[in-house]
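This briefing covers the pockets and cavities of one protein model. The structure comes first, followed by notes grouped by topic.

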Amino acid sequence: MVLKESQATTLALFCKVVDNFGDIGICWRLARQLQQEHGIHVSLWVDDLKSFQKICPEVLLHADIQQLDDVTVHHWHTQDGQFSPAEIADIVIEFFGCDIPPGYIAAMAERTPQPVWINLEGLTAEEWVEGCHTLPSSHPRLPLTKYFFFPGFTDKTGGLLHESSLEEQRRQFQSDPTAMATFLGRLGMPVDEMTALKVSLFCYAHAPVSALFDAWKDNDQPVVCLVPEGVATEAVRAFLGAEPRAGAVGTSGALTVNVIPFVPQPDYDKLLWACDLNFVRGEDSFVRAQWAGKPFIWHIYPQDENLHHKKLRAFLERYSAGIESLSDLSLAWNSVKPVGVQEKAGWCALWQAFETAMPEIVLHCEQWQRQMLGNGDLTSNLLKFVRSLGSADAEKKV
Ligand code: TRH
């Protein structure tokens, strides 16, 4: 890839929102970081503006093209369309094997110099990733090569998304109890509950939420569970005996459940930072919880033939550092080691063991963060890789 000195590097990022918001959550983060920290002109192509708007309320639903945080956002609503080589970016990223429009690919082949084409894959802790990271794949018909880029937890992978100012922002927020209380208060959490164990809950609908609620009701110290609207609706409705709309709140025994609004993405980080324990899911909230420096429990996205069980075990093998109660609760939460719904004693025991280990887990979180930061951040690693493919000219530009 030879880039002209006089022009800024351009990058097109294609994102198909398969389900939920995770895919656009990751791509939006990546797009902003490329633009803000590396001065790259990013065009983000996304097929589902409604999902995008959930995490970024500034998104206009009916705009074909819009400018958001200096990123050009294209509503990608068709596979048709012709492109000229001049319209093709220097770097083209398809997220998770989404099909780039054939007209765009044809123009990529005609462009001189050719763009660097990357398929950004999903995150997994499995070992095979290290062998596949950065592997090339030739296009069956056109003179184009696509490279597979894997995020991951080791220095033989692309690492994790992490903005350069994230640590500083988190530390500032967490060292300011008033800011944290004001933030939680804005979400609807009463001031007199600030001393309770604060838990945020983000999971898929099949998580055993009611079983955990039952265990929390009997907890020694009060637990406040903050649930964004639209999450775990059945269990929350059953607990509250009312519609789980933002603002709804109910208490039973030691447990208070507060339904909070689904917040914009930057506020979600603050929610993770402000809570003592976070239940997260999928990929993006899972990674953000690792940067929050607080204990977390991951609900993994379910896959056919229980493939996700393998992925969960692979992560726990790397992460849990022999803290048994952390693995046990994680496996039960994902029904890998099922605890019967009625087995309240089982859930109470799992929870109590985990709660006791929380101080140890907090220390472990810090150590894990340092280890992950040692792998570099995904955006910088990706650009380093692009540079390694390019000429000396390209090196100066990226
Ligand atoms: O939405 P998800 O379930 O996404 C998943 C994963 O990306 C998974 O890998 C993918 O294959 C699957 O979708 C189809 O969970 P995830 O990844 O945590 O993304 C949620 C996003 O929503 C994340 O960017 C954080 C954001 N969010 C907010 O902005 N505000 C909120 O209040 C909440 C709860 C989340």
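**Pockets and cavities**

H1 supplies the largest share of the lining of the largest pocket, 5 residues. The model is predicted: local features need pLDDT of at least 70, side-chain atom pairs count only at pLDDT 80 or more, and totals for chains, interfaces and linings use all residues. Residues are numbered from 1 along each chain as its sequence is written, and side-chain values use heavy atoms, with hydrogens and water left out.

**Terms**

- On a 1 Å grid over the protein atoms alone, a cavity is a set of points where a 1.4 Å probe fits but cannot get out, while a pocket is an open set with protein on both sides within 12 Å along at least five of seven lines; lining residues have an atom within 4 Å of a point.
- Grid points are joined across faces, edges and corners, and a volume is the space filled by probe spheres set on the points.
- Helices are DSSP runs (H or I, at least four residues), numbered from the N terminus.

**Largest pocket**

- The largest pocket holds about 850 Å³ of space.
- Its lining has 41 residues, and Gly22, Tyr204, Gly282, Glu283 and Asp284 are the closest to its centre.
- At least two lining residues come from each of H1 (22-38), H9 (265-274), H10 (284-292) and H11 (307-319).
- By class, the lining of the largest pocket has 24 nonpolar, 9 polar and 8 charged residues (Ala, Val, Leu, Ile, Met, Phe, Trp, Tyr, Cys and Pro count as nonpolar, Asp, Glu, Lys and Arg as charged, and the others, Gly among them, as polar).
- Domain 1 (10-161 + 376-397) and domain 2 (166-373) each give at least three residues to this lining; the domain bounds come from an automatic or database domain assignment.

**Second largest pocket**

- About 350 Å³ of space lies in the second largest pocket.
- Of its 18 lining residues, Arg32, Glu163, Ser165, Gln169 and Arg288 lie nearest its centre.
- H1, H5 (166-174) and H9 are the elements that give two or more residues to this lining.
- The lining of the second largest pocket divides into 4 nonpolar, 7 polar and 7 charged residues.

**Cavities**

- There are 3 cavities of 30 Å³ or more, and the largest cavity has a volume of about 120 Å³.
- The largest cavity is lined by 15 residues, with Ile26, Pro151, Leu161, Glu283 and Val287 nearest its centre.
- H10 gives the most to the lining of the largest cavity, 3 residues.
- The largest cavity lies between domain 1 and domain 2, because both give residues to its lining.
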